[in-house]
Amino acid sequence: MTTSQGQPRSVFKRALQRENLLVAEATAREIGHVSLLEALDLTALIARKAPRRHPRVAARWLLRYLKEHPTATIEEAGVVAACLRALGSPGHDEATRTLRAMTERTIVGSGLET
């Protein structure tokens, strides 16, 4: 265990880049609270590496998105849900890009940090 918060976060980001789900999940637990974007990246990785867990994890991410974006419309929620469903499919990369863009707009609009 390390005393610096920066070290686990760096390990977490490298694990996501290398698609190492085991390390990404372990360091996410060590960090404690990951940003909405980081949680999205982890959700996308789970869709690829642990597809049986994907529906439950995607639903939790959608709930978090809606909590952090209380002004979301039903249309936006529908787009987010459809993109989350597409993770792990041939449309994975496009869905991930769309979700990232929507999440970044949410963060900027709410003043939250990533």
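Student: Is Glu19 buried, partly exposed or exposed?

Tutor: Buried means under 20% relative accessible area, exposed over 50%, and partly exposed in between (1.4 Å probe, protein chains only). Glu19 has a relative accessible area of 35%, so this residue is partly exposed. This is a predicted model, in which local features need pLDDT of at least 70 and side-chain atom pairs count only at pLDDT 80 or more, while totals for chains, interfaces and linings use all residues. Residues are numbered from 1 along each chain as its sequence is written, and side-chain values use heavy atoms, leaving out hydrogens and water.

Student: Where does Glu19 lie?

Tutor: Helices are DSSP runs (H or I, at least four residues), numbered from the N terminus. Glu19 is found in the loop between helix 1 and helix 2. Although Glu19 is not a glycine, its phi is positive, about 55°. Just after helix 2, Gly32 also has a positive phi, of about 100°.

Student: Which residue caps the N-terminal end of helix 2?

Tutor: Asn20 does, with a side-chain oxygen 3.4 Å from the backbone nitrogen of Leu22. Within helix 2, the buried residues include Leu21, Ala24 and Ala28.

Student: How should I read a nonpolar core?

Tutor: In soluble globular proteins, nonpolar side chains tend to be buried together. A nonpolar core is a set of buried Ala, Val, Leu, Ile, Met, Phe, Trp, Tyr and Cys residues joined through side-chain atoms within 4.5 Å. Here the largest such core has 29 residues, and Phe12, Leu42, Trp61, Val80, Leu84 and Leu99 touch the most other members. Helices 1 to 6 each supply at least two residues of this core, and helix 3 gives the most, with eight.

Student: Which residues does Trp61 touch?

Tutor: Contact means heavy atoms within 4.5 Å. Leaving aside residues up to four places away in sequence, Trp61 touches Leu36, Ala39, Leu40, Thr43, Val80, Leu84, Leu99 and Thr103. Trp61 is buried, at 2% relative accessible area.

Student: How many aromatic pairs are there?

Tutor: Rings of Phe, Tyr and Trp (its six-membered ring) pair if their centres lie within 6.5 Å; planes under 30 degrees apart count as stacked, over 60 as edge-to-face and the rest as tilted. By this rule there is one aromatic pair. The ring centres of Trp61 and Tyr65 are 5.5 Å apart and their planes are at 25°, so the pair is stacked.

Student: How are Trp61 and Tyr65 placed in helix 4?

Tutor: They are four residues apart, about one turn of the helix. Tyr65 is buried, with a relative accessible area of 1%.

Notes. A polar contact is a pair of N or O atoms within 3.5 Å; within protein, one must be able to donate a hydrogen and the other to accept it, and residues adjacent in sequence count only if both atoms are side-chain atoms.
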